[in-house]
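Please open the structure in your viewer and keep the selection tool handy. We will go step by step, selecting a few residues at a time.

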Amino acid sequence: MEDVSNVVNALWAKKKIQDGIPRWLPLIIHLNDTENTIGWLYNHWLNDGQRKVLSEGFDSEDELLKFVKFLGFIHDIGKATPAFQTKASYDKDEELDDYLVKRLVDVGMAGLESADLPSRKHSPHNRAGEALLSDWGVSEDICAIIGGHHGKPFSGPQSEQLKQYTANYFQKDNDSKIQERWHCVQKAILQRGLDSLGYDSISELPKNISQPQSVLFEGLLIMADWLSSSESLDDGRPLFPLINLERSANDVDIKSRYQTAINNWNQDDSVVFKPVFDISSNYEKRWGFKPRNVQKVMSDAIGKIVDPGIIIIEAPMGIGKTEIALTASEQLAYASGRDGIYIGLPTQATTNAMFNRVNDWLKNIADEEHEKLSIKLMHGKAMFNQTYRSLPHAENIDNDGADGSVTVNGWFSGKKSILTKFTVGTIDNLLLMGLKQKHLFLKHLGFSGKVVIIDEAHAYDAYMNSYLCSVIRWLGAYQVPLIILSATLPKKKRQEWIATYLAGKYHKDKIWKSKVSFPQGWESEESYPLLSYLDGDMVKQITDFDVPDNSQKKKIKVCRFNTDDEETIKNVVEKIKDGGIAGVIVNTVRRAQELAKLVPDDIELMVLHSAFLAPDRTLKEEKLQDAIGKNGSRPKKMIVIGTQVLEQSLDIDFDVLYTDIAPMDLILQRIGRLHRHEINRPKNLSIPQVNVMEINGMGDYGDANEKIYGKYLLMKTDYYLKDEINIPEDISHLVQSVYTDDDIIDDDNLREAKQISDIMIAKEEKKAKNFQIGKPKYSRRNNTIHGWLDRDIKNLSENDQSACAAVRDIDETIEVILIKSGQDEDELLDGRSISDVSSKEVAEQLIRVPSAVIPEYDIEKVIRELEESTRINYPEWENDIWLKGSLAIVLDENLETNLNGWHLKYSREYGLSYERNGVD
């Protein structure tokens, strides 16, 4: 061809009608935009820790950056094909489509207007890009990245594409002259990229990239592509807009366009963490108090780590593990070159409580550094958290302000949420890092740049632990500092997690076993508190702590308590007859509701579990913290009844505790809410007492409890549970006794229960592998990301029930908006008419329908029925940004209804209850 550059400049990447005006984006502009964007992200958004991982195998950082920018430039080379250039625009504007094809014809691509491409769909541009690069001899590692840049790599190489669908790439199957035109155009684009980046030839591109590196390169490319494909921000400021048709690629100032976009997009500052030289002053600066001895010893030891890996902190409830972890995040971020953190917690309630603490900590840092730092709350009800909702948006804060601020950056939403530097979320968000799903690369990219903290990491079930181990291995591959906190950790979990991290860091089990040194007896260590950590190739443990002060030592009286529900409540009432706060923690929502209904009307009652409307639950959590949290008002007499949501992270204090039988570690967690604070108590409750319920005899704990926790762990807990527990001295020994496999109990029923337990664990572990990513690959022969997400879970939204079900092995159910039927107009359950509130307030009235009401085999049918009734009753919802796609259940004036053969009733005091129709 005489002037191939004219054709290159006439190729389009995007086209559409905007405000009645046809606009387009030349392909070469988009390639340059993405090259510039990914280069900026590498230099200014990635941190030193991530760049270190990516640099392995590259001779210099300049060579690494050159390759990164090559990925950005070449990623859409597949659009330089007849299959793409003859595609209809999204809004099917034939005039626009014909105009852009004619422009190509006019500069030399004769016959394109009549090209017959019946197999176009078999060569989407990401597949086409991979196929072209493969044909040119680019390594499979790189080809797989290009092919996967829309979120999911192909199962294998696409080298046969050009033979099978020749016309898609070269316009004709057997016309060498026409084919040569397209060869020239495609090669010209490639050469333009190579020349601008300083490559003499394609042979200089990397030949062997490890799978973890490929995953991060892919995540960075996807992020850059999404950013360079964004035309504007929500507030209208331009990023990378389309241009008018009369303008050509030569009319665009690429550098100015890119600089304007980045200046508008980059609303956050970054933190360069400093070493923490004085632990005591840092605690006072961040939290206003001096560290306890355990906190100081652990923080001092962590601050000396040079090459951080996994850190496991085992210490009593209430000792201040959160302050240790946040101090460690500063120390380890400095040592590892990270610039963000993630904290994962078991429930939304514990996540909300932690978010408030992290927000205060981050505000302290932002003020100190005079920086603007963004934070993200990651769970399905984040919109209802008042602290989170009150944070300013990043774009509304003046960058030149002298004061620091904590903000929310709207661009980092949905699948991009984890890219926010500071994130607090439910543990699901971390476990999803191990689940095959589209765009998983973004999740890996986000986590690879953070210090990761897992709070309340006691005994996960076998299914969740399988996902956690998968994630830990990948975090090891990225050399991410990982902090795990627990008051009640089985030592075999400690062993497993450390070994798994090492396998990720050193690529294989065999390698780390020969390279890493361990303290003698580390596997069986039962000292408590205990700090175990990896520094380079050495695992170390700190066991020498001074005896905790008396405020941390408690002697707990344990009573086995087995009566019917009425007698139980009578006993609770009797305990607090002279005043006091009684906590009752049970294992099911239904049992909590049944007990709550027996509490006399003259005693203040609070019920907390998962079956409340989101706003009601949030208010209850806040009210509970205000009443019996640290510095709470503490009513004279109160009974709190709840489920497992009460056992974790909520900083609340009971004078006396009643709990259903549960595994030892969970009972100890619940005991952590007993006499938690140093306060004056009623005289008869001055000695902490826990009453363990639902023990009908050795091996008989009721069907519900045994279904939830398994008979084996309950039997061992029952056996080892003493009449008196010394906190913290007995914690580790009690937990290890229950979770060790070396049973000393001579009981046939226990042996049978263990066999059943082992079978169930094996089944759960096997089930967890179904949609789980594999181990990181480093082999020269098999380390690409081809097939990495094969058999993925499709259409999985972030933070929804299906995501939780995938990594927690829970029954999938549905969320609905509860509405009360009114005489003139439907109302919210608090009595406000729908017309008097915003659609956002209506959308907040969410609740999860119990899985018993909608079993898995019925879920699609019930969804269809609710969709139809919602469409009929509330047609306006379909056009509402907050309510589109929501499902409504309308309750009568008594807040009752029937659904799928069940009778539902909602109470602001007891939550949502359900009974099968026709059952007394």
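Which residues are exposed on the other side of H6? They are Glu94, Glu95, Asp98, Lys102 and Asp106. Bear in mind as you look around that this is a predicted model.

Next, select the whole of helix H6, residues 94-106.

Now colour the buried residues of H6, which are Leu96, Asp97, Leu100, Val101, Arg103 and Leu104. Turn the view to look down the axis of H6: the buried residues fall within an arc of 150°, so they line one face of the helix. The general rule behind such patterns is that an α-helix has 3.6 residues a turn, so residues three or four places apart point the same way.

What do the buried residues of H6 pack against? Show helix H1 (4-10), strand E1 (12-18), strand E2 (21-26) and helix H5 (82-85), and you have the partners in view.

Then zoom in on Asp97, which is found in H6. Asp97 counts as buried because its relative accessibility is 10%, and the cut-off for buried is under 20%. Follow its side chain to the backbone nitrogen of Ser89, reached at 3.0 Å. Leaving aside neighbours within four places in sequence, Asp97 is in contact with Lys15, Lys87, Ala88, Ser89 and Lys92.

For the last stop, select Gly108, which follows H6 and has a positive phi, near 125°.

Definitions and conventions: Residues are numbered from 1 along each chain as its sequence is written. This is a predicted model: local features need pLDDT of at least 70, side-chain atom pairs count only at pLDDT 80 or more; totals for chains, interfaces and linings use all residues. Side-chain values use heavy atoms; hydrogens and water are left out. Helices (H or I, at least four residues) and strands (E, at least two) are DSSP runs, numbered from the N terminus. Buried means under 20% relative accessible area, exposed over 50%, partly exposed in between (1.4 Å probe, protein chains only). A polar contact is a pair of N or O atoms within 3.5 Å; within protein, one must be able to donate a hydrogen and the other to accept it, and residues adjacent in sequence count only if both atoms are side-chain atoms. Contact means heavy atoms within 4.5 Å. The arc is that of the directions from the helix axis to the C-beta atoms.
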